[in-house]
Amino acid sequence: MSINGTPQNRALKDGRVHQCRDTMSGRIPLSPGVGAPSPPPRAQKEKCDHPPSIRGSVPEASTAVDRAVPEWGGAQGMTASLGGAPGGTRPFLRGKYERAGASFAMALLRLSLLRSILVALLWSACLAADPYASYDLKLTYQTASPLGVPQQVIAVNGKFPGPLINVTTNYNVIVNVNNELDEELLVTWPGIEMRHNSWQDGVLGTNCPIPQTWNWTYQFQVKDQVGSYFYYPSLNLQRASGGFGPIIINNRDIIPIPFAQPDGDIILMIGDWYTRNHTALRAALDAGKDLGMPDGVLINGKGPFRYNSTLVPDGLAYETVTVDPGKTYRIRVHNVGTSTSLNFRIQNHNLLLVEAEGHYTAQQNYTSLDIHVGQSYSFLVTMDQNASADYYIVASARFVNESLWQRVTGVAILHYTNSKGPATGPLPDPPNDIFDKSMSMNQAKSIRQNVTASGARPNPQGSFHYGSINVTDVYVLESVPPVTVNGKLRATLNGISFINPGTPVRLADRYNVKGDYKLDFPSQPLDRPPQIDTSLLNATYKGYIEIILQNNDTVMQSFHVSGYSFFVVGMDYGEWTENSRGQYNRWDAIFRSTTQVFPGAWTAIQISLDNPGVWNIRAENLDRWYLGQETYMKIVNPEENGQTELAAPDNVLFCGALKNMQKQQSHSSSTSNTPGKLRLLFTFMLALYVAIFSFS
């Protein structure tokens, strides 16, 4: 997906951007490359949601008294109407009517001023409100053959991958999700912090699933965030069949980006792929089997360019990215796969890393970068090579037997507009680190935060001095290879294989459902047999928690924490000990939401717990997640006053112990067009306006 120009304050045709202003920037022109979506229509302009009479009342209010006096005559006019010249009236009547006329004129003046104040309040409230963008996402099955084998994939609005959600810092985002699958659905938004609003996170610990044929509307604000993210269906390995799409949060105009404005945006969604759909993969795990080697790697939902006639069948559609020579593009890369880390590289081109999951990085060049499951990066790539031929874009499997996994390679084409021929020859080499297992880890450690750049706010990213904060709680979360628990293959953290509560946690709290979960997750591995349980971390609001992810499994893993970004302060091979803190990065550690944990190694992260709610800690590897490798942090402000954690939304779904409270779906009850508070404000002001002027 190629996007030329700045995407700021723009939306694709799948979304509608609304602002309380009369101006709105236009459409996004797209590169003409193969597979690029057709140019969308101009973004919809919308004024404030005032009726026409209110829109037009601003200039009218300033002249209301001037018009009222001539119409009624004022004091002079009233006396003249009673007897012509003022001297022709009786003195006591003249004084009486003069006083009445003056009082009436004063009442009109007060009424006019009140109307002016109300109009000003309405208008200023509209101007002060953050804009909102609304999207409709319909998830359906469709047949595709990305690797030459017809199979069922999950499309979004008929697209695979799904459409871009394109917003700006602090936008209110409204996404109406329609479930046209044959099973329940939730959509999650990893990296979007959902400030004070875990009700919108889209996982089973916080949301009841959307039933088949139903729709449900997510409403959240991308508060103080910028960068590159993606969305996907979170239940039952559905992501392995698709349903994912990109998210861009642009900087506000007043916040400069820490590099020259790129000439265009290119989005690449890479991931390992099976020709079996998610239900077949799920059945394999339920039967106690491993998923085995993937059948390939897709780039933007397409198979590899035929770089090798033995490994790649003829006739596959592949992604082509068309660029202009000499220009610099921001390339946003997301690993949306099932379980495989991928090495990303572009033949003969340097990758200048500038962003990792919403946070600007210290800028440095890489010839290739390992991108692990669930991670997102932005690179600046300058088209500075000759155009004698096209160039390969490659995403190949890592941390496996690469000689056996050669087919697990995605290949797209970088096409200069003045290219003289197709790409030929071998692919650019992957990292040669068979005998140096520290190479990839050292690369990961080299990714650091740009401490002088502004992020979503004007203050520098490095102004939060995390290295000087005292840690209040420490948890060591150990993962091991899957084990059999109660006759089933399960994955564990600290010996606990998580099973989701029947009723989402905060919903159970609100309606006093007992026994739904426990707040007893152990702070370190326990010497006991593994068990299945619904055990949560009882975290402390405004605490500063350190979590050590100890990977004693045999595979590379990724872990994600929802509701937060965290500092990746250290990683190394072996077992973590207290002495390991001596090698922590306490100055410019990267701040992100998904981190890799190497097999036989540990990764330490630190989180400032300022976002109340219930937040998921999970393996992003879909097989391990499905088998129970997750838990939640429950964070409650003991002095909660409704300001630090939002109440359940009006359209909350009920399930589990509360399923009898769920009404049959009414389409209007699950969707809305404006954020609730703003809608309430307008309703109140309009009602007051009507009440006053019904007596005028």
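Strand 20 (residues 391-397) is mostly covered, with seven of its seven residues buried. This and everything below refers to a predicted model.

The side chains of strand 20 fall into two sets. Tyr391, Ile393, Ala395 and Ala397 point one way, Tyr392, Val394 and Ser396 point the other way, and all are buried. In a regular strand the side chains alternate between the two faces of the sheet.

Strand 20 has an antiparallel pairing with strand 15 (residues 342-346), made through five bridges. In that pairing, Ile346 stands opposite Ile393 of strand 20. Strand 20 also pairs with strand 21 (residues 409-416), again in the antiparallel sense, over six bridges. Here Tyr392 is set opposite Ile413 of strand 21.

**Strand 30 and its partners**

Six of the eight residues of strand 30 (residues 566-573) are buried, so strand 30 is largely enclosed by the rest of the structure. Strand 30 runs antiparallel to strand 31 (residues 591-592), and two bridges join them. Phe567 stands opposite Phe591, a residue of strand 31. With strand 33, strand 30 forms six bridges, also in the antiparallel sense.

| Strand pair | Sense | Bridges |
|---|---|---|
| Strand 15 and strand 20 | antiparallel | five |
| Strand 20 and strand 21 | antiparallel | six |
| Strand 30 and strand 31 | antiparallel | two |
| Strand 30 and strand 33 | antiparallel | six |

**The second largest pocket**

The second largest pocket holds about 780 Å³ of space. Its lining consists of 25 residues, and those nearest the centre of the pocket are Glu193, Asp224, His359, Arg457 and Phe591. Phe591 is also the residue of strand 31 that stands opposite Phe567. Strand 33 (residues 601-608) gives the largest share of the lining, three residues. Sorted by class, the lining has eight nonpolar, 11 polar and six charged residues.

**Asn611**

Asn611 sits in the loop between strand 33 and strand 34 (613-619). Asn611 counts as buried because its relative accessibility is 0%, and the cut-off for buried is under 20%. Apart from neighbours within four places in sequence, the contacts of Asn611 are Glu193, Met194, Arg195, His196, Gly563, Tyr564 and Ile635. Of these, Glu193 is also among the residues nearest the centre of the second largest pocket.

In soluble globular proteins, nonpolar side chains tend to be buried together. The largest nonpolar core in this model has 107 residues, and Trp189, Phe379, Ile607 and Met633 have the most contacts inside it. A second, separate core has 32 residues, including Leu147, Leu281, Phe498 and Trp625.

Phe379 has contacts, beyond its neighbours within four places in sequence, with Tyr329, Arg330, Ile331, Val333, Phe344, Leu351, Leu352, Leu353, Val354, Leu369 and Ile371.

**The chain as a whole**

The protein chain contains 10 helices and 35 strands. Of its 696 residues, 56% are buried. Among contacts in the protein chain with a separation of 6 or more, 78% are between residues 24 or more positions apart.

Terms used
Residues are numbered from 1 along each chain as its sequence is written. This is a predicted model: local features need pLDDT of at least 70, side-chain atom pairs count only at pLDDT 80 or more; totals for chains, interfaces and linings use all residues. Side-chain values use heavy atoms; hydrogens and water are left out. On a 1 Å grid over the protein atoms alone, a cavity is a set of points where a 1.4 Å probe fits but cannot get out, and a pocket is an open set with protein on both sides within 12 Å along at least five of seven lines; lining residues have an atom within 4 Å of a point. Grid points are joined across faces, edges and corners, and a volume is the space filled by probe spheres set on the points. Helices (H or I, at least four residues) and strands (E, at least two) are DSSP runs, numbered from the N terminus. Ala, Val, Leu, Ile, Met, Phe, Trp, Tyr, Cys and Pro count as nonpolar, Asp, Glu, Lys and Arg as charged, and the others, Gly among them, as polar. Buried means under 20% relative accessible area, exposed over 50%, partly exposed in between (1.4 Å probe, protein chains only). Contact means heavy atoms within 4.5 Å. A nonpolar core is a set of buried Ala, Val, Leu, Ile, Met, Phe, Trp, Tyr and Cys residues joined through side-chain atoms within 4.5 Å. Two strands pair if DSSP finds at least two bridges between them.
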